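Let's take a tour of a ligand and the pocket around it. Have the sequence and the 3D view ready.

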Amino acid sequence: MDKKTIDLRSDTVTKPTPEMREAMARAEVGDDVYGEDPTVNRLEALGAEMVGKEAALFVPTGTMGNQVSIMAWTNRGDEIILESAAHIYMYEAGGPAVLSQVQVRPVDGHHGAMDPGEVKAAIRGANIHFPRTALICMENTHNRSGGCVLPLDNMQAIYDLASQEGIAVHLDGARVFNAAASLGVNVKQITRYADSVQFCLSKGLCAPVGSLVAGPKPFIDRARKCRKILGGGMRQAGILAAAGIVALEKMVQRLSEDHERAQKLARGLAGIPGLDIDMSTVQSNMVVVGTRGTGMDEFAFAALMKPHGVLFNPSLPYKVRMVTHNGVSSGDVDEAVRRIREVIAV
Ligand code: TLP
């Protein structure tokens, strides 16, 4: 019998649950561009309520969620401050420049957290030569640092100084429910430090498609128009939103299981000679594994394990990223560690 493939590339590979498929089949729908899809309306109201915001907007992807937020908060020629490894900066194909015609001002972070003093120093004063600082973006959990969680006091310090300067704050909360589970707080304790938040239904929460953007009503009205500009005004989208409702109602509670499995995976791999793991960074559902001690770089290690049915992505030089999710059981974690140990020992 073929070995089961253990897919640790991302939590984006999760499949919709049977309950989601049933809800999708039964979903009541209408034309959402007319505001007439009852299931989309229900999802948007539920999402807004959960993150403590006035209104929300259903978008097809996290990328579109971030990009409509930037479009809605800025004008052409403005500047936005973000962390130098932020998804918006690294992995959204230059969206801020292409779509909003804004300039990005990266600030280096530590495990994804920017120093509030450095953020303050990056805010532009009134000077004819300068662009206007229109937005500050944070990301929690922080993908490129391996799923690290921003400390709440760090978020608060940045939010407070932005508010004093009259600058909006956007949170790329693709995995904000993972951050909440890791901190053991209600998600509102995180989203209160942002004016707008984007969060994904399609990652650890297992919906097939979709993200929500939440914030004040006038902002969401602008974001809705921006979504239309980008061609993201969907019609009978209730079929997708139905899965999103199940994601928010049923799947949030189980994220801590993914975190326990990431801990277990990290501990197992740390015991394999040649692999190097900084346990202090294993804070949610991701594990960054250093490969230098094996003599293989990140591409060679990922290619080596692929035929053995353990999939993961190269991330940084001599580092790979492994992500736990609903499709990875505790037994799969043991099996992945076993296969990696066996192959590396050869
Ligand atoms: N992240 C994906 C890849 O794009 C790298 C992954 O596998 O982790 N914000 C953050 C923090 C993200 O991690 C992602 C996706 C997004 C936004 C974009 O979401 P989608 O893929 O729905 O556009």
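Here is a short briefing on the ligand, its contacts and its pocket.

This is a predicted model, where local features need pLDDT of at least 70, side-chain atom pairs count only at pLDDT 80 or more, and totals for chains, interfaces and linings use all residues. Residues are numbered from 1 along each chain as its sequence is written, and side-chain values use heavy atoms, with hydrogens and water left out.

**Around the ligand**
- The shell has 14 residues, and S10, T63, N143, D172 and R175 come nearest (a residue is near if one of its heavy atoms lies within 4 Å).
- By class, this shell has one nonpolar, seven polar and six charged residues.
- Helix α3 (residues 62–73) supplies the largest share of the shell, three residues.

**Polar contacts** (pairs of N or O atoms within 3.5 Å)
- A ligand nitrogen lies 2.7 Å from a side-chain N or O atom of D172.
- Ligand oxygens feature too: one is 2.8 Å from a polar backbone atom of G62, and one is 3.0 Å from a side-chain N or O atom of R321.

**The pocket**
- The ligand sits in the largest pocket (more than half of its atoms lie within 2 Å of the pocket's grid points).
- A pocket is an open set of points on a 1 Å grid over the protein atoms alone, where a 1.4 Å probe fits, with protein on both sides within 12 Å along at least five of seven lines; lining residues have an atom within 4 Å of a point.
- This pocket holds about 410 Å³ of space.
- Its lining has 29 residues, with H87, N143, R175, K203 and R321 closest to the centre.

Definitions and conventions
A polar contact is a pair of N or O atoms within 3.5 Å; within protein, one must be able to donate a hydrogen and the other to accept it, and residues adjacent in sequence count only if both atoms are side-chain atoms. Helices (H or I, at least four residues) and strands (E, at least two) are DSSP runs, numbered from the N terminus. Ala, Val, Leu, Ile, Met, Phe, Trp, Tyr, Cys and Pro count as nonpolar, Asp, Glu, Lys and Arg as charged, and the others, Gly among them, as polar. Grid points are joined across faces, edges and corners, and a volume is the space filled by probe spheres set on the points.
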